[in-house]
Amino acid sequence: MNLLKIALLQIAPAGSLAGNLEKGLAACRRAKDLGTDIALFPEMWSNGYNIYGRPPEEWKAEAVPAAGEFVQTFGRLARELEMAVGVTLLEAWEGGPRNTLILFDRFGERKLAYAKVHTCDFDAERHLTPGEGFYVTDLDTARGPVRVGAMICYDREFPESARLLMLQGAELILTPNACPMEINRLSQLRARAFENMLAVATCNYPDSVPDCNGGSSVFDGVAYLPEAEGSRDTCLLQAGGEAGVYTAELDLDMLRAYRESEVHGNAYRHPKKYGLLTDTRIKEPFIRADYRE
């Protein structure tokens, strides 16, 4: 078995950029002590996703550059610990900040920058700049290269997010989160993993953070094994509500063998019949009336 250990840093923010930096570094060191290959933060760690109930101009001023000291400190730590780190931030961006994940490999090299595409425009996130697309990278780990992509929180509501990453070869989707992880949202993550034959690792804030409840999870997407009757539970980890560093081991050999032989993912798609999905002229028949233009 080739086991990739993923650590979900289900920790509460410290109330300041400097405090979040210090606490985040300590959590990464704890993850390394547990033998971790990839450590992932919850959504918008730089300011603890503290954007609700505040004037937009106030929290927008807390945005930090992706090339700034906060982010680069985690890059240097990734190199020191020889561990990949996915750090999240309210990113300073022309036209309005972005909700961003920066992924460093174990050499401290920046391998992926992903800005949340499906911003929650029905609420405070309407003041954010959405990302332009979904991307993957070959992440060098101690277990060998792993094809990694990302989506953030509300992105999981759209099957297209994970499907686009799968079509680019993603084996693992990192998913920072900041909301209650109840049965239906967990079911979405399970479904994204199952239908695309890939792993989905989600890191949420603990239940001490308003409107969050922990429940960080990893689903490996491997529903069937040749030696087993019926399907298996693809959930490798579902944390409780308490703060902590939670780990799960993803069997890369098992996942890759499954992807070569099973019928999901890209095996039997009919993309020429899906034109309606990208036709922007179609009006949404079930859109809430108060959201209509």
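At what angle do helix α4 and helix α5 pack, and how far apart are their axes?

1. In this predicted model, helix α4 (residues 159-167) packs against helix α5 (residues 183-196) at an angle of about 35°. Their axes lie 10 Å apart, and the crossing of α4 past α5 is right-handed.

2. On the α4 side, the contact is made by Pro159, Ala162, Arg163 and Met166; α5 contributes Arg192, Glu195 and Asn196. Sorted by class, this contact of α4 with α5 has 3 charged, 3 nonpolar and 1 polar residues.

3. An open sheet is formed by 6 strands, ordered β6-β7-β8-β9-β10-β11, with mixed pairing. Its edges are β6 (136-141) and β11 (235-238), each of which pairs on one side only. On average, and with direction ignored, neighbouring strands of this sheet are turned by 20° against each other.

4. Within the sheet, strand β7 (residues 144-150) pairs with strand β8 (residues 172-176) in the parallel sense, over 3 bridges. Opposite valine 148 stands leucine 172 of β8.

5. Helix α5 also packs on the sheet, where it touches β9 (199-203), β10 (217-219) and β11. The direction of α5 makes about 30° with that of β10.

6. How many cavities of 30 Å³ or more does the structure hold? There is 1, and the largest cavity contains about 30 Å³ of space. Its lining consists of Asp37, Glu82, Ala84, Arg106, Asp140, Thr141 and Ala142. By class, that lining has 4 charged, 2 nonpolar and 1 polar residues.

Notes
Residues numbered from 1 in each chain as written. Predicted model: local features only at pLDDT ≥ 70, side-chain atom pairs only at ≥ 80, totals over all residues. Heavy atoms only, no water. Axes fitted to C-alpha atoms, helices over the stretch in contact; angles between N-to-C directions. Helix = DSSP H or I, 4+ residues; strand = E, 2+ residues; numbered from the N terminus. Left-handed = near helix turned anticlockwise from the far one by under 90°. Contact = heavy atoms within 4.5 Å. Nonpolar A, V, L, I, M, F, W, Y, C, P; charged D, E, K, R; others polar. 1 Å grid on protein atoms, 1.4 Å probe; cavity = no way out; pocket = protein on both sides within 12 Å on 5 of 7 lines; lining within 4 Å. Points joined across faces, edges and corners; volume = space filled by probe spheres on them. Pairing = 2+ DSSP bridges.
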